[in-house]
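Here are my notes for someone opening this structure for the first time. Please read them with the model on screen, taking the points in order.

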Amino acid sequence: MLLVKISIKNSKIIVCTIIFITLLLGVFLFFKVKYSRPVLTIGVYTDSSWNVPNGDADCVTKLAIKKFKKKYPNVNIQYTAGIRKTDYNNWLTEKIVKGNTPDVIMLPEDIFNLLANNGALKSLNNPLKDDRISHSTFYSSVFKAGQYHNVQYGLPYETNPTLMIANNDLLGKNGFSNLNWHFSPNKLKNICRTININNNYAGITSDYTWQDAQLAYGNSVFENSSINLTSNKARAGFSLIEDLTNKNGYQYVSSNQFDEGKVGFMPLSLAKYRTYTSYPYHVAHTSSFKWKVFQMPAIKKVKATPASTVCLGISSKTAHPTLSWKFIKLMCTDKEIQQEVLRSRMGASVLPQVIKSRYTKKIFKGEQQNQLTPNMLDSILKDVATTPKFRNYSHKEDELNYLIQNALKNNQLNLQLFSIQHQINKNTY
């Protein structure tokens, strides 16, 4: 009887001990979760996306981290400072291979399609819907730079559209002093013909490409992963580039010749334009004539402005999807951060509310030779064309560009279009 009582007493002690240990473990886990410091890793490069001088290369990232930690003080943010854009792709590839992919990834256009296709990026469709963020928050075509097969994998962070720069003095001498801000490809062709009558001058630099000529007619030669070079729009674009290049005898017309006042037009990225027109770089710029800014030539109601857009995305392997989303949302939609993108990185903010603000007007006014206005840039960003999205796009475009350039040099483009189309479409990568 005594043994039974002792056994019961011991059992109660064991049960109580188990309960106590369980409670203690629960309290420990509660406080560990509550007061632990999650580590959010950021993969970014620090220099310019556009190969122009940058001031404080890390200033945007530093500002974003400061604002983020103010709101989420318990989060520890880590990023590797000093990575250059030229080294970034190899750095990121190595991280992915080793299973150490950063939670937040900077996505220049040359790697976006590959990462999205390979499953390295997390879909943003649900958080976008939950936070009621859509293309209307950004410039519509710029927002689409982060899409792949109708899935949003990136938020646009900064963009760099192409402007058409003109030698205003040369235009005036040839009777085009009142040229409209947005003019047609036929008008471009006629002006270049007029300028080319004098053999000492050229109509446009070789920076104007056959791709630009296609966009002028609202055309992309790519239909998914296949190409169509023989449609009416495609032939109109090729006719334009043939006309412009044949007038130069397919001699390369450089930006230096434009600087010397010998060329009418030159396509130029916004970042390079802002660099060349701001102190101290405009001091070294030798142009003795007035520049004028135009929108890229196009027929009515088509988007014809090429632009490069850098996005921010989230690793599909992230352990912190919510925190990662909050960070890229801050970088891409916070007004103060996007103002800093505009100020320091020489491209454009992706937010219409920033571009059309007094802040942008003040920034442009400080760039002494800059004749661009916020309204002009707003119009240009609304005109951005969408880049095709499929895995082997870069390979196909490179091969296509090589074949078209050779055909242009030999003055046989129109004869070779069908052959080039067949060759590209039969190749697989």
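**Notes on helix packing, cores and cysteines**

1. Helix α8 (residues 185-196) and helix α10 (residues 232-246) have axes that come within 10 Å and cross at roughly 15°, where axes are lines fitted to C-alpha atoms, for helices over the stretch in contact, and angles run from 0 to 180 degrees between N-to-C directions. That angle makes α8 roughly parallel to α10, since angles under 35 degrees count as roughly parallel, over 145 as roughly antiparallel, 65 to 115 as roughly perpendicular and the rest as oblique. The crossing of the two is left-handed, a term for a near helix turned anticlockwise from the far one by less than a right angle, with right-handed used if it is turned clockwise. On the α8 side the contact is made by Pro-185, Leu-188, Lys-189, Cys-192 and Arg-193, and on the α10 side by Ser-239, Leu-240, Asp-243 and Leu-244; contact means heavy atoms within 4.5 Å.

2. This is a predicted model, in which local features need pLDDT of at least 70 and side-chain atom pairs count only at pLDDT 80 or more, while totals for chains, interfaces and linings use all residues. Residues are numbered from 1 along each chain as its sequence is written, and side-chain values use heavy atoms, with hydrogens and water left out.

3. The protein has 20 helices and 12 strands, taken as DSSP runs numbered from the N terminus (helices H or I, at least four residues; strands E, at least two). Buried residues account for 48% of its 429 residues, with buried meaning under 20% relative accessible area, exposed over 50%, and partly exposed in between (1.4 Å probe, protein chains only). Of the contacts between residues at least 6 apart in sequence, 76% join residues at least 24 apart.

4. Which residues have the most contacts inside the largest nonpolar core? They are Tyr-88, Leu-155, Tyr-157, Phe-327 and Leu-372, in a core of 84 residues; a nonpolar core is a set of buried Ala, Val, Leu, Ile, Met, Phe, Trp, Tyr and Cys residues joined through side-chain atoms within 4.5 Å. Helix α14 (residues 321-333) supplies the largest share of this core, seven residues. Apart from it lies another core, of 40 residues, which includes Leu-170, Ile-195, Ile-204 and Ala-216.

5. Leu-155 lies in strand β6 (residues 155-167) and, at 0% relative accessibility, counts as buried. Leaving aside neighbours within four places in sequence, its contacts include Leu-124, Phe-138, Val-310, Trp-325 and Cys-332. The C-alpha atoms of Leu-155 and Trp-325 are separated by 9.8 Å, although the two are 170 residues apart along the chain.

6. Two further helix pairs can be inspected in the same way. The axes of helix α3 (residues 85-97) and helix α4 (residues 109-117) come within 11 Å and cross at roughly 20°, and the crossing is right-handed. Here Tyr-88, Asn-89, Leu-92 and Ile-96 in α3 meet Asp-110, Ile-111 and Leu-115 in α4. Helix α15 (residues 335-345) and helix α17 (residues 358-366) pack at about 15° with their axes 11 Å apart, again in a right-handed crossing.

7. How many disulfides are there? The count comes to zero, a disulfide being a pair of cysteine sulfur atoms within 2.5 Å. For Cys-332 the closest cysteine sulfur, in Cys-311, is 7.5 Å away, too far for a bond. Cys-332 is buried, with a relative accessible area of 0%, and Cys-192 also counts as buried, at 3% relative accessibility.
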